[in-house]
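Please read the following note alongside the sequence and the model. It is written as a set of numbered points for discussion.

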Amino acid sequence: MSREIRLETPLTDADVIPLRIGDRVLLSGIIYTARDAAHKRLIDLMDNNQPLPFDIQGAVIYYVGPAPAPPGKPIGSAGPTTSYRMDPFAPRLMAAGLKGMIGKGNRSQEVIEAIQKHKAIYFGAIGGAGALIAKSIVSSEIIAYEDLGPEAIRRLEVRDLPLFVINDTVGGDLYQEGMKRYAQAP
Amino acid sequence: MREIPVSEITETVARLCIEANIDLGADVEEAFRRMKETEDSPTGKEVLDLLLKNAQIAREERMPICQDTGLAVVFIDVGQDVHFTGGSLEEAIHEGVRQGYEKGYLRKSTCHPFTRKNLGDNTPAIIHTRIVPGDKVRIVVEPKGGGSENMSRVVMLAPAEGIEGIKAYILQRVKESGSNPCPPIVVGVGIGGTFERAAFLAKKATLRPIGTKNPDPELDALEQELLEKINKIGIGPGGLGGRTTALSVHIEMMPCHIASLPLAVNIQCHAGRHKEAIL
């Protein structure tokens, strides 16, 4: 049976190492949003030895481009985007201190290996449940790349954001294991 | 001859963009409930419950079901006895998308292919126009998200590959898509025509309400067979493992060239968003 674990950001080795695929995590604290275009700019900054717009040590990045906030709400619908598009950039960020990624969908072998090497974690949020997920977001503020519109980097404060552990530090992969468990001969 | 001011088109398209994004179809909700009964995975059942809860929140709070409110794909069937007044029909559709996405707090997702600069108003819409008999206008808006669209393909099979080749390609496509397109998916299939017509047929197939039968008995049987096989792959709701990988398989077919066997697979996410109006 899967466990339910509460975690606070920033994440440490002690938070991440005990996590196993299938664990349900309720995440609270500060996380940062970034998609394809923002990742490219973060890597460009690193290439030029420039500081990043947020502290990457122990940070968690959420792959999301939220819908605009309706009046009276901190954010619009905010479910995960497909993660593989960030695969070329993720290992560099993990090497720099990134501890957690939130998205949906399979990661590359390089990312899975980097997760083990750097003791990081890949969480899945439920794709297409953006209205529900928005309920866990307390505040949202653009901190970089406003010109990217929905792809700008936002600082989100989250409370009990519901997540599943997809890839853990021992090489587990919930998408592969889950599929194997329920596959039937055709 | 019936006159319709294009402002009516703009208003209708705007309304349909908003409704399609916040009001999950009754056929989809019904399918979630039905599939929950046959889902063996506790996590899979839980994901289906979360999707039902998400739909309820979206409807009550007038929030989009998903943050990816899509490119606006607009199907418009124009009765040949209709005369549009007051401007360009196509521009009226784009304006409807512009207004709907702004008023509905929907995400604008169109961008320049090279620079990736966001165009800021979600235009241009993808418009499919058909001239039909009569004096009515039927408009369907299908907001299409990037995650599921990215998993879609067109392939020109060799005729010798036949129906077995078609089945194998579709099953492989769903398997390779895995958790990316937000399962449980609707699989739209277009067979025949030309390269671009196959893709159009596959997209059109995604619009058929879930739970309705294909009028062609041969295609109906093929849809059932494919659905059963897809739901043995094990991907499950959210890709976390389970029986419910697809809610439905819909096939549209037409004749093709003696040298070709075009096949298109258009994957649609679990929300299967679309809304229709008749003027």
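The points below take up the interface, then helices, then peptide geometry.

1. This is a predicted model, in which local features need pLDDT of at least 70 and side-chain atom pairs count only at pLDDT 80 or more, while totals for chains, interfaces and linings use all residues. Residues are numbered from 1 along each chain as its sequence is written, chains are lettered from A and ligands numbered from 1 in the order in which they are written, and side-chain values use heavy atoms, with hydrogens and water left out.

2. The interface draws on 44 residues of chain A and 42 residues of chain B, where contact means heavy atoms within 4.5 Å. About 3,500 Å² is buried between chain A and chain B, and 61% of this lies on carbon and sulfur atoms. Buried area is the accessible area (1.4 Å probe) that two parts lose on being put together, summed over both. Of the area that chain A buries against chain B, 18% comes from L132(A), M179(A) and Y182(A), more than from any other three residues.

3. Three salt bridges are found across the interface of chain A and chain B; the term denotes a side-chain nitrogen of Lys or Arg within 4 Å of a carboxyl oxygen of Asp or Glu. A salt bridge joins the side chains of K135(A) and E61(B), at 2.4 Å from N to O. Between chain A and chain B, 18 residue pairs are in polar contact, both residues being at pLDDT 80 or more. A polar contact is a pair of N or O atoms within 3.5 Å; within protein, one must be able to donate a hydrogen and the other to accept it, and residues adjacent in sequence count only if both atoms are side-chain atoms.

4. On the side of chain A that touches chain B, at least two residues come from each of α5 (130–134), β7 (153–167) and α6 (174–182) of chain A. Helices (H or I, at least four residues) and strands (E, at least two) are DSSP runs, numbered from the N terminus. The most is given by α6(A), with five residues.

5. Which residues of α2(B) are buried? They are D27(B), V28(B), E29(B), A31(B), F32(B) and M35(B). Buried means under 20% relative accessible area, exposed over 50%, and partly exposed in between (1.4 Å probe, protein chains only). The buried residues of α2(B) pack against α3 (42–61) and β8 (246–256) of chain B.

6. Helix α8 (residues 217–230) of chain B contains E223(B). E223(B) counts as buried because its relative accessibility is 3%. Apart from neighbours within four places in sequence, E223(B) is in contact with R208(B), N214(B), V249(B), H250(B) and I251(B).

7. T123(B) and P124(B) are joined by a cis bond with omega of about 0 degrees, and P124(B) is in the loop between α4 (89–103) and β4 (126–132) of chain B. The bond from P183(B) to P184(B) is also cis, with omega near 5 degrees; P184(B) is in the loop between α6 (162–177) and β7 of chain B.

8. K119(A), which is not a glycine, has a positive phi near 55 degrees. K119(A) is in the loop between α4 (109–117) and β5 (121–124) of chain A, and its relative accessible area of 32% makes it partly exposed. Y145(A), also not a glycine, has a positive phi of about 60 degrees. At 18% relative accessibility, Y145(A) is buried.
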